[in-house]
Each structure stands twice: as structure tokens, then as C-alpha cells.
Amino acid sequence: MTDIDPAETQEWRDALAAVLEFEGEERTKFLLDQVMDEAQRLGSRVPFVATTPYVNTITVGDEPTHPGDREIEHRIRSVIRWNALAMVLRANKESTELGGHLSSFQSAATLYDVGFQHFWHAASEEPGKEHGGDLVYVQGHLSPGIYARAFLEGRLTEAQLDNFRQETGGDGLSSYPHPWLMPDFWQFPTVSMGLGPLMAIYQARFLKYLHARCLADTATRKVWAFLGDGETDEPESLGAISMAAREKLDNLVFVVNCNLQRLDGPVRGNGKIIQELEGVFRGAGWNVIKVVWGSGWDQLLAQDTSGALKRRMMDCVDGEYQTFKSKDGAYVREHFFGTDPELKALVADWSDDEIWRLTRGGHDPQKVYAAYAAANAHTGSPTVVLAKTVKGYGLGAAGEAQNISHQAKKVADPALRAFRDRFQIPVTDEQLPDLPYVSFPEGSTEHTYLHARRKELGGYLPERRRTSQALAVPGIEAFAAQTAGSNGRAISTTMAFVQILTKLLRDPEVGKRVVPIVPDEARTFGMEGLFRQVGIFSQSGQLYTPEDADQLMFYKEDTSGQILQEGINEAGAMSSWIAAATSYSSNDTAMIPFYIYYSMFGFQRIGDLAWAAGDMRARGFLLGGTAGRTTLNGEGLQHEDGHSHLQSALIPNCVSYDPTYAFELAVIVADGMRRMYVDQDDVFYYLTLMNENYEHPPMPDGVTDGILKGLYRLQPGKGRGKAKVNLLGSGTILREVLAAADLLASDFKIKADVWSAPSFTELRRDGLATERWNTLHPLEEARTSYVEECLGDRVPVVAATDYMKSYADQIRRFVPGRYTALGTDGYGRSDYRRNLRRHFEVDRHHITVTALSSLAADGVVSKDVVAQAIEKYGIDPDRADPAHA
């Protein structure tokens, strides 16, 4: 744009400079905000600028003084760097089979060291140092650096370091942060990129939830989430940052290690990732702190009166910055400073070595400390620290700022020697090939300092709590209404669940610990009655009068609300559930979360988070509502779930059930609470619920154990003949199985015992465990699987469910006789339930024909009987296979 009045422009600039000089930055910002607001009020289109100059956010004059002994901390940090390097190199000395990462931690060592030395509190009950503990989400690829620090602290041994990535022997160190493998050490699994940042946001919000509901004092606790700049490409990394700002999560700090490299090359080779992320986070309402340049640049920036240096800093793209750090001082002089005579003159009296020693901000403890202090003190919104670093810092030719940095597993002798010299590691040339670990003798300055800092902050991190105080959970007797049956009334298992949940919310012992979670459709699941009863959690309360305020079940938001309603956001709701399901460990406050959602949008959409929940030893209930391929009959292909039980079976500590009746649901919930909150087993539950209404019978005697194991006989055969079959079913299809038993008895005089199979997954696990025991104990009396105990009479068995045939087929190898599994393979579709079940061949008629076919194959009945049944029930034998239709 052409300046039509340069003199006027200069007057404005002079006025602004005068305000800044004499009245300070705050006054300047205030006046500019006022001018912008007035321009917008007058109708002027004011351009929005989301980024600031490519320099540090905190000016030199505003930096607090680093309180530690910089020299001692440098020596400690250098030895941690060496040990992290040595650990990976020793593991890969013979081959690179084990792998490991050298470069990521070297880029972020200072970012972590400053946190460990000065900011991150451990959970402590020591008088005067009481603290619930800060929660730190460590970037997964940096695990060697965390192990190296723990070794210096005496928490890990040399033998353990030498077992890095050797996890089967019991004393190895897991490749990445895995609570399942190291339950006393790691808190959060983060190497599945994007999940750490997402979970951290909802963890921070859950701390606010606990505090607002007076369940735990979390006022002084922070959540620190570390991620790489390449990791921000994952949608999950940035997908919930607006929620964090909206919820004013000032207890949340993101630290983005901007080493400008993904796994294969530059993150934004043609752009500037720090500027891009600044715009994204500022636009979302975050407090952004950029740590771009180290202290060595301060002098040059102070001399940059014309702004030439800042312009050059801004003009260079990340691909160029990567190249600069892969070369040397002479290259930087020529290609960075040498492009402008003014810049060239700026460093004319500097040596190439001095130019090379100019560091990026993320490697400068003073700059990092200033950023963390500002983040720690900030209120009203979350903070992100964008710290510029060099991937493979210190590795030189072995991988410093090179595209191969992430894959580097070995370091040649010259580069290793250069690394040792650069960080002044006390290892001789003779020792160098052995890659010895370095430690500080007890009583040394470094040893004393290291432990004193952690003592001041309450103890050592990371550290994980395995158990919490057991809860006085109600037993099955509390759910008498569900075990008594519905007394002629037709209800769904979803309605039965809401009744159970309501009962729990009113329980004087555990009611306040129940966390109902829904993505959005609470009304779909019949939970709207809870709005008024317990309220929806909102830090702002309710700032409006809801349109349904005059109704009994009006929409109620409350600062102490109990429901977490996350909007149309399964990933966010699952992250909230994980925070609640691991609260026993993270907060020493056991909570009982119930997350109910459309089952199709559960494991299929958030399977990676569910796997992480298993790794984190989560405890709680997942409820897949409107489950089954033929139950949610009007919604069509993308809404109908016939496979979630196969997906839940992938997670070893996920206990899954497909109950048909309210009493089954009550037994499972009561026993699940006992296992998780009394015995403190590290399991979580997946229960499928249906929206189909039917009458629920009272609970028969003696079935509790069978329900929990996954199979019990619900009804003996009614037929008068000698032929017999066993029919198995779960969920709503169990009712078709019961109807098929009646048809077999009335039309063919065949006895059909009906078995309810709430969990084929649990039956399979029992069968595999039995099989394994028998294999490994050949001289002892063989054990019998539970399936064989129940179905040992060797008559044909037919199982039918509302899920893919593979679900019921899991137990085939343990069934003594002929076994056929019916299921709903193929895409779902909309129609009446009876038509859908006929389409997928899981209705009563297809179950009957399948039973007859099995009997015919065993020679018990004639094949003509099968043909007659096909004709009798109007089944088209030549129709297309529904699995492919």
C-alpha cells in the first residue's frame, strides 16, 4: 500500500515510540487495543495479525534471574545427555534390532532439565511442602533422557539401563512411556503422537472438576504437556486447544519442542512452524511465549537499530535454519549475515567460532527459565511455550540438524569423541569404545545439588501411584429393582443402565465419585433426568435462563455439576473418561466414570485412546449405547455397530459384556466396581446397551457366576423328542434364540437348551488360559475350560449375536461338539428390526434352520427336515450373502 502522507505516518510512529519509552509496554498495549476497538466500532476493517516478530516474547529486561547454579546444572545436564546417548548406543552395539532414539532428547534436554530443577512438583505430604503433584506428559521418543536422569538420582541401575527396550525379562526399561510395563514409573503413554496433548487438555480440565466439586485440592497443580513441532500435524494435537482456552485452563502448559524436523525432514521447510503455531494458539485464545533465540543474540538484537536483523530472522525459512545448524560458523556468516552489508558489519569482529556458539532459545537455561516462570505465573488462559531447538544437538556429523537425525542409531568414533569433548564428559579415549555410564559420587557437589532440588520440589518424577484408598461400593443387593425384573413392563437395557446410574449417584458412599460422561446425546440415552439432579459441569455456571426452565428436566449447567458433557466430540469425551479412570493414580482420588456413547462411534473412532487407556491401567465403565447391527434400526450403515466387541477384545485388560437383561447388567456393574475399586484390579469394562424395549425377567437363582464368566443356562429344552441342541445368544438376539427354541420344540419336537452368553470374549480368554496351562503342565491332570464344562454333552451348538460371526466364533475350539456361529457380517442398513434380522440371517427362523442343519450333519435328523424348514419359513436359499450385499 502506498503511503500518501509519510509525515503523518512518522508522527504516529513517534507518538507510539514516546508512549512505549515513557509509559511502558502495558500502557502502549492498552492504547493500541483502544484504537483497534474504536476503529472496529466505526466500521473500519482492521486486519487481524495473529503473529508477532520472530524474536523472544519475553524481553531481556523482563527476564527473571535464573535462581540456580548454572555451572552445576550444566554439568548435570551434560552427563544426562551422555548417559541417554550411551544407553541407546549400548543397546545397538551388536545390531540395530532394538532401535531407540538419539536426537530428540538432545534437542530437548534443557527444556526438561529446567523443569525438573525448578518447576515440577512431585506429590508430597511433607509439612510445608504439601502438593498434589504436577502432571508431566513426556514426549515419547525422549524416554532415554528421562531414564538417564533417574539413573543419576539412584532410581535406576546400570543393569536396568542396559536392558533398555528389553521388556520381557521383568527388569527392562520400556521403549517409551508405558505405565503397563513400568507401573511405578510412567504415568502417561504419549508416543502415539497427538494423544498426549489431547489427554493433557482434558486432564487439566478434570483437575478443575475435582477442585470445583471439593473432591481434591488441585489449585496449585499444573499439567505440562511436551510435544514436537512435527507432532502438531496430528489433528488430535491441536483439535481441542480452543476448548482449553474456553475453559480458562490456566493450569495447563504446552511446551512445543520446535527443532524444525519431522521424522524424515523439515516440518515447514518452506515456512516457519513457530510463526504458524503462534497464530494457531493465539487465535484460539492461548497465552503464547516464544523462546527463539539464546542469550548470545541479545547483544546483536540490541544493536539492530534499523531492524535489519529482525527482518533477516523473519525472512529465513525453516529449511534454511536447518541447513545453517548442519554446517559451521563460516557458513552461517556467509549465508545468514552475509546477505546484507549491515548484518555483515554487525558480526565483522566476531570469529566463526563465536558465530557458531550463538544458540537457539530452547538450549539456553536462562531463556527457558524465564518462559517457564511466566507460564507458571500466568492466569486466565492456558500457555504454550514455543521453544526453538536443534534436533540432534551436540551430535555433530552423526546427526545434528540432519534429515537422518531421527533414524540415527549409531555414532561413529570421531563424532562420539566430539560429543564427549563438547560436553566435557569425564570419559577417557581408552574408555570411549565401552560407552561407560557416568554418575556423580555421593557427597559430590553435583550429587548434592541434584537431590536437593528434587527434595525442594517434593520428591522424584516421574513416579506413578499404583493404588488408592478402596471405596465402599454397593453390592448386587443395591440393585434389587433390576434383579426383580420389569414386572410386565417393556424397557431397554439402556433404561436399566440409567436406573443403575441414578441409584449410584444417590449412594451416600460413592455417589459423589460417579462421573457420568456423554459426548452430546444424553437425551438419546434417556439421561436428561440427570441434568437437574446433578447438573452439567461448567466453570462459568449458567449465565442464561434455559428455554426449558419451566420443565421438570431442564438443562442445567453448574459450577459443581457432575456430568461431563463434551459436545459432539468422542475423542474429548474419551480423554475425560481416561482422566477420571486414572484419577486413583494421578490424584489419589478414585473416581467411577461411566462414559455412554453410540457404540459405532466408540472403539471404531477412538480405538487408539482406548488402547492408551489400557496402557494407563484405567478403571471405569464404557457403555456402547444403541449397540448391535440390527438394534439401531433407523440410522443406517454408518451408525450400526456389529463389530465393537471384536475391537474391545483387542485390549487385554478390557472386560467386555453384551448383556440382554437388567439383572445381567446389574451383576456385571456391581462386580466390576468390586474388582476395580475394592480389589483395585487394573481393568476397565465395556458394556453394550440396546434401545429395544422388551420385558425383563427376574434373575434366576445361581446364575451370578455364569454371568460373570460369560455363559449360563437360561432355559432348559422344551421339546418331547430325543434330539437336542444347545442355542447360545447375547444382547437382543438372545430373544430370537429363545423364539427359535420354541419353534424347534413346537414344529420339530427338538429340545433346545438356551444359554445366555453375555461375553464370548471372556469365554475365549478362559479357554486360552486353560489350554495354555494344560500345554505347560503335561504331567498334571488336565483342566477343563468353562465352555466345555457347560457344553460338554457334545450335541450341536448354534450361537447367534448382533455382531459379526467372528465374535461368537471366538470359542469354537473349546466347544466339544459341532459349532456354528451366526452373526451380522456386512454393512448395516435401515429397516424394521425383524427385517434386518432376517436380512442378516440371525432371526428365529434362520437359527432354527441352522440348528436342524447341524443335527442333519450329525445324522440325527433327515436333510429333508432342513429343506422343509427352509420352505416353511419362507427362506430364499439363493439370495445374496448379506456379508457382501
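Helices (H or I, at least four residues) and strands (E, at least two) are DSSP runs, numbered from the N terminus. In α26, 14 of the 16 residues are buried, meaning under 20% relative accessible area with a 1.4 Å probe, protein chains only.

This is a predicted model, where local features need pLDDT of at least 70 and side-chain atom pairs 80 or more, while totals for chains, interfaces and linings use all residues. Residues are numbered from 1 along each chain as its sequence is written, and side-chain values use heavy atoms, leaving out hydrogens and water.

**Aromatic pairs**
- There are 48 aromatic pairs in the structure, counted when ring centres of Phe, Tyr or Trp (its six-membered ring) lie within 6.5 Å; planes under 30 degrees apart are stacked, over 60 edge-to-face, the rest tilted.
- Phe254 and Phe281 pair edge-to-face, 6.1 Å centre to centre with 75 degrees between the planes.
- Phe254 is in strand β3 and Phe281 in helix α9, so this pair ties together parts 27 residues apart in sequence.
- Phe254 is buried at 0% relative accessible area, and Phe281 is buried at 0% too.
- Tyr321 and Phe336 make a tilted pair, at 6.5 Å and 45 degrees, and both are buried.

**Charges over rings**
- Arg619 lies over the face of Tyr584, 3.6 Å from the ring centre; the cut-offs are CZ of Arg or NZ of Lys within 6 Å of the centre and within 35 degrees of the ring normal.
- Arg834 has its charged end over the ring of Tyr832, 5.0 Å from the centre.

How values were computed:
Buried < 20%, exposed > 50% of the residue type's maximum accessible area, 1.4 Å probe, protein only.
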